[in-house]
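Subject: Structure handover and notes

Hello,

Here is the structure for your files. My notes follow below it.

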Amino acid sequence: MSASDLSRRPVVVVETAKALRDAVGAARRSGLKIGLTPTMGALHAGHQSLMHAARSECGFVVATIFVNPTQFGPHEDFHRYPRDLARDLAACEAAGVDLVFHPPVAAMYPADHATFVEVAGLSNLWEGKSRPGHFRGVATVVLKLLNLVTPDIAYFGQKDFQQQAIIRRMCRNLDLPVEIRVCPIVRDADGLALSSRNVYLSAEDRAAALALSRCLQVAAGMVGGGETDLALVRRAMRKELAASPRVEPDYATLVDPETLEEVDDCPLRLAAIVAARVGTTRLIDNLLIDRCPPCAQS
Ligand code: AMP
């Protein structure tokens, strides 16, 4: 069976590691490259962009749908996180996914589960400060999924900027035989980054949430215009956030895209990152900024 025949088949759903390994093994034996897009479901066009990228490069595309309890804090939204498997399967099928792995929690974390992965340093910054243990849960579940699926290429979104940096570092540090692709952020027409958590936003919150992307645009405008005083840029970012009364800022800053440490000099590329609570919902966003050549040369 050719790759195009496989891609036309309706999406198959498996719940056990054995069924997953059997299906992936069969695809690999027929010479297909395996692509993986891990998700927590509540799928939107951002998730589908990862699936499309996988479809364009791989003969067999696996999506995982698993709301991972170990990356949620005790007071976070694990129980109310949006779940709609039928809708998600339709989204996967529309994006050309071949196989969906949708395991029960007890299969991923049996009672004797005691092993966790921690990417030290990177995991304690920014999101890690506000969400202790979050990245330990993320790294652990991603490593498990990579071991279960053994993809040639795994796809992650730039939307979760710190997450992709941590996953790339984990794969490099642990010598995992997988390529990591990071796909651009998909936004609504008005600039709001798509997120499964946007469904929590009231109409007023939804309008106020635009302060996050605006604050990134402020940074891009200043840096792109040649501003070299990054403290000034940070202040302008925070001012933009503070202008919205419904927005409670957590951080808004400029960091090195690999180390995620704050930068004050003029690297060629930096990342503007922002997190804020809007109403009861915590949102994150980011933008990669390439410095203007005159500044980069100075
Ligand atoms: P999640 O279901 O939130 O765990 O996200 C699954 C994957 O989709 C992660 O790699 C996210 O970074 C990615 N993703 C989420 N939102 C977007 C978006 N707006 N654009 C691109 N990728 C996204």
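Asp 175 counts as exposed, because its relative accessibility is 65% (exposed means over 50% relative accessible area, buried under 20%, and partly exposed in between, with a 1.4 Å probe and protein chains only). Asp 175 lies in the loop between helix 8 and strand 6 (179-183), and has a positive phi of about 55° although it is not a glycine. Most residues other than glycine have a negative phi.

Before the rest, some conventions. This is a predicted model, in which local features need pLDDT of at least 70 and side-chain atom pairs count only at pLDDT 80 or more, while totals for chains, interfaces and linings use all residues. Residues are numbered from 1 along each chain as its sequence is written, and side-chain values use heavy atoms, with hydrogens and water left out. Helices (H or I, at least four residues) and strands (E, at least two) are DSSP runs, numbered from the N terminus. Contact, or touching, means heavy atoms within 4.5 Å.

Is Leu 260 buried or exposed? Leu 260 counts as buried, because its relative accessibility is 1%.

Leu 270 lies in strand 8 and counts as buried at 0% relative accessibility. Leaving out residues up to four places away in sequence, Leu 270 touches Leu 230, Leu 254, Val 255, Pro 257, Val 263, Leu 287, Leu 288, Ile 289 and Arg 291.

Helix packing

Axes are lines fitted to C-alpha atoms, for helices over the stretch in contact, and angles run from 0 to 180 degrees between N-to-C directions. Angles under 35 degrees count as roughly parallel, over 145 as roughly antiparallel, 65 to 115 as roughly perpendicular and the rest as oblique. A crossing is left-handed if the near helix is turned anticlockwise from the far one by less than a right angle, and right-handed if clockwise.

Helix 10 (residues 210-224) and helix 11 (residues 230-242) have axes that come within 8 Å and cross at roughly 155°. The two helices are therefore roughly antiparallel to each other, and the crossing of helix 10 and helix 11 is right-handed. Residues of helix 10 in this contact include Leu 212, Cys 215, Leu 216, Ala 219 and Met 222, and those of helix 11 include Leu 230, Val 233, Ala 236 and Met 237. By class, the contact of helix 10 with helix 11 has 14 nonpolar, no polar and two charged residues (nonpolar: Ala, Val, Leu, Ile, Met, Phe, Trp, Tyr, Cys and Pro; charged: Asp, Glu, Lys and Arg; polar: the others, Gly among them).

Helix 7 (residues 134-149) and helix 8 (residues 161-173) have axes that come within 10 Å and cross at roughly 55°. Helix 7 and helix 8 are therefore oblique to each other, with a right-handed crossing. In helix 7, Phe 135, Val 138, Ala 139, Val 142, Leu 143 and Leu 146 meet Gln 162, Gln 163, Ile 166, Ile 167, Met 170 and Cys 171 of helix 8. That contact has ten nonpolar, two polar and no charged residues.

Helix 2 (residues 17-29) packs against helix 7 at an angle of about 55°, with the axes 9 Å apart; this pair is therefore oblique too. Ala 17, Leu 20, Arg 21, Val 24 and Arg 28 in helix 2 meet Asn 147, Leu 148 and Val 149 in helix 7. The residues there divide into five nonpolar, one polar and two charged.

Cysteines

With a disulfide taken as a pair of cysteine sulfur atoms within 2.5 Å, the count comes to zero. The sulfur of Cys 171 is 14 Å from the closest cysteine sulfur, in Cys 183, which is too far for a bond. Cys 183 is in no disulfide, and its nearest cysteine sulfur, in Cys 58, is 11 Å away. Cys 171 is buried at 5% relative accessibility, and Cys 183 is buried with a relative accessible area of 8%.

Regards
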